[in-house]
Amino acid sequence: MPDTAATQARPSGTQMARPGQPGFAQGRICQGPPIATIDIGSNSVRLVVYEGLTRSPTSIFNEKVLAGLGRGVMMTRRLDPAAVAKAYAALVRFRALCDTMGVKELYVLATAAARDADDGEEFIARASEICRTQIEVISGKREARLSAYGVISGFHMPDGVVGDMGGGSLELIDVHGHRAGAGMTTPLGGLALQDASVQNIRKASKIAQDWLEKAEPLRMLKDRSFYAVGGTWRSLAKLHMMQLGYPLHIMHGYSVPAREMLDFCKLVMRVDNTTLIGNETVSAGRLPLLAYGAAVLAEIIKIGKPREIVISAQGVREGLLYSLLSEEDRKLDPLITAARELNILRSRSPQHGEELVRWGDRFMSSTNIDETADERRQRHAACLVADIGWRAHPDYRGEQSLNIIANAAFVGIDHRGRAYMAVANFFRHVGLNDDELSPRIREIATTRILDRARILGGLLRVGYILSASMPGVLPRAPLHVSHGKLLLDIPRDLEGLAGERLATRLKALGRLIGREPLVRITDPVDVAAE
């Protein structure tokens with residue numbers, strides 16, 4: 001059975017922050033001191049500070065510097081002095097930021113540039129002094145493994161091949177569910193390929209082809225997903241997204257059919273990129289490497305023949321955090337974990353959200369409405385976040401809830417799943433008529449998504465008007481289909497909760513599922529007997 005809100009345990013260590021604690025903030029989950037990672041890559045040096053070590057870690061600070069350590073390393077075997085100075089300056093600031101934020105655990109990783117340069121050890125020794133911690137110079141195979149863990153952490157049961165393209169190397173590794181295969185590394189990073197090809201895109205494509213034709217993971221890619229990790233590929237996808245006028249500006253989980261992405265890669269390789277982008281669509285530091293990222297991705301598509309290209313915002317850093325989790329916490333659903341934390345932080349009663357999950361389960365099972373396992377977990381998450389907009393003005397709760405959920409830092413969910421959760425909560429606030437629903441979100445939602453979202457929205461409208469968002473009511477007032485009717489059983493001591501508004505909402509839900517509604521006032525023995 002999949003991990004769901006109704007079945008999975010809470011992440012170990014997760015609890016509400018308490019007034020009086022040092023650093024108490026009501027907008028934070030109390031999970032101990034922040035934890036941080038610094039990734040010293042061939043192109044960028046990045047610090048990410050996380051709220052804590054959980055199954056769905058939330059970033060509270062993120063900063064990168066495009067130092068370009070890997071530029072020229074393939075040709076000179078040495079790190080560029082200007083790049084080294086820029087990296088050291090970034091590390092000084094990052095260490096100071098960690099001290100300021102109370103970080104107790106700092107993990108620093110260095111990748112291709114540091115491991116390939118002859119003066120890499122010297123650089124790492126000085127960098128370790130600045131960071132005041134040991135720096136792990138990871139091998140290509142370990143980098144591939146951590147990238148795979150990042151994708152496993154960020155997607156619900158991924159199936160395909162992960163490709164992590166940095167400045168100095170490209171790692172490839174097969175993933176299936178919670179398992180990662182044997183990884184490999186190639187010298188196909190953006191900066192390395194730029195140097196090796198003497199800035200000739202056609203030559204870069206041929207170099208990529210020669211390496212990738214021998215890549216074992218690509219032999220297992222046909223008709224599966226290729227998970228693209230790394231800043232260059234994220235920038236490429238962002239450019240594609242902007243060209244389409246795509247309605248949701250969330251990179252993680254953005255998917256493109258392989259054939260379409262191949263055509264786009266060819267376009268990027270052929271034309272001046274400044275003709276394709278608007279202001280600040282892609283950072284100036286990434287722009288020169290776009291064509292090389294496109295060349296490598298094009299060869300991967302031609303050789304591996306994947307079904308789709310899926311962008312992952314999670315890679316080595318998140319993979320490292322995932323590797324630090326207990327086996328029990330690794331098995332948790334990251335979507336449910338994130339929704340549960342948002343429920344704790346923003347709902348009037350977090351327990352009510354948990355009760356909604358179980359209350360909705362009984363309703364859905366009694367209706368025999370078709371629901372996939374993935375839709376079920378998305379419904380659970382939608383129930384957990386159904387009250388996060390309550391502080392907004394009543395006229396804007398639907399719109400605000402939709403925007404928060406559609407753009408939340410969720411993982412373990414694709415863009416259509418986001419649309420389902422967001423639209424369901426829009427209906428929960430504004431009613432079941434979709435006249436006010438943004439046409440932009442409709443571009444993502446299918447007919448099935450809109451239908452399921454409307455049913456869930458109707459269910460939430462009944463649940464909230466019945467319980468006033470307070471715990472303890474829903475477990476005693478089951479809603480279910482029986483004998484061809486939609487029955488709401490209210491115990492006699494709660495009979496006063498019945499009323500005209502409840503009946504109106506119940507009738508609206510009944511119309512959606514084709515059942516006549518009926519409110520029954522019951523004694524405990526009545527419910528037990530049925």
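Two strands count as paired if DSSP finds at least two bridges between them, and that idea is handy for Leu486, which stands opposite Pro517 in β17. This is a predicted model, where local features need pLDDT of at least 70 and side-chain atom pairs count only at pLDDT 80 or more, while totals for chains, interfaces and linings use all residues. Residues are numbered from 1 along each chain as its sequence is written, and side-chain values use heavy atoms, with hydrogens and water left out. Helices (H or I, at least four residues) and strands (E, at least two) are DSSP runs, numbered from the N terminus.

- Three strands line up as β15-β16-β17 in an open sheet with mixed pairing.
- At the edges sit β15 (479-482) and β17 (516-522), each pairing on one side only.
- From one strand to the next, the twist averages 35 degrees; axes here are lines fitted to C-alpha atoms, for helices over the stretch in contact, and angles run from 0 to 180 degrees between N-to-C directions.
- Seven bridges link β16 (residues 485-491) with β17, in the parallel sense.
- Helix α14 lies across β15 and β16, and runs at about 15 degrees to β15.
- Ser366 belongs to α14 (residues 350-367), and Ser366 touches His480 and Val481, leaving aside residues up to four places away in sequence (contact means heavy atoms within 4.5 Å).
- A polar atom of the Ser366 side chain also lies 2.8 Å from the backbone oxygen of Phe363.

- β3 (residues 35-40) and β6 (residues 105-110) run parallel and are joined by six bridges, with Ile38 opposite Val108 in β6.

**The cavity**

- On a 1 Å grid over the protein atoms alone, a cavity is a set of points where a 1.4 Å probe fits but cannot get out, and lining residues have an atom within 4 Å of a point.
- The structure holds one cavity of 30 Å³ or more, and the largest cavity has a volume of about 380 Å³. Grid points are joined across faces, edges and corners, and a volume is the space filled by probe spheres set on the points.
- Its lining has 29 residues, with Asp39, Asp164, Gly166, Gly230 and Gly231 nearest the centre.
- At least two lining residues each come from β8 (159-165), α8 (231-244) and α11 (316-324).
- By class, the cavity lining has six nonpolar, 14 polar and nine charged residues (Ala, Val, Leu, Ile, Met, Phe, Trp, Tyr, Cys and Pro count as nonpolar, Asp, Glu, Lys and Arg as charged, and the others, Gly among them, as polar).

**The second largest pocket**

- The lining of the second largest pocket splits into 13 nonpolar, eight polar and seven charged residues.

Definitions and conventions. On a 1 Å grid over the protein atoms alone, a cavity is a set of points where a 1.4 Å probe fits but cannot get out, and a pocket is an open set with protein on both sides within 12 Å along at least five of seven lines; lining residues have an atom within 4 Å of a point. A polar contact is a pair of N or O atoms within 3.5 Å; within protein, one must be able to donate a hydrogen and the other to accept it, and residues adjacent in sequence count only if both atoms are side-chain atoms.
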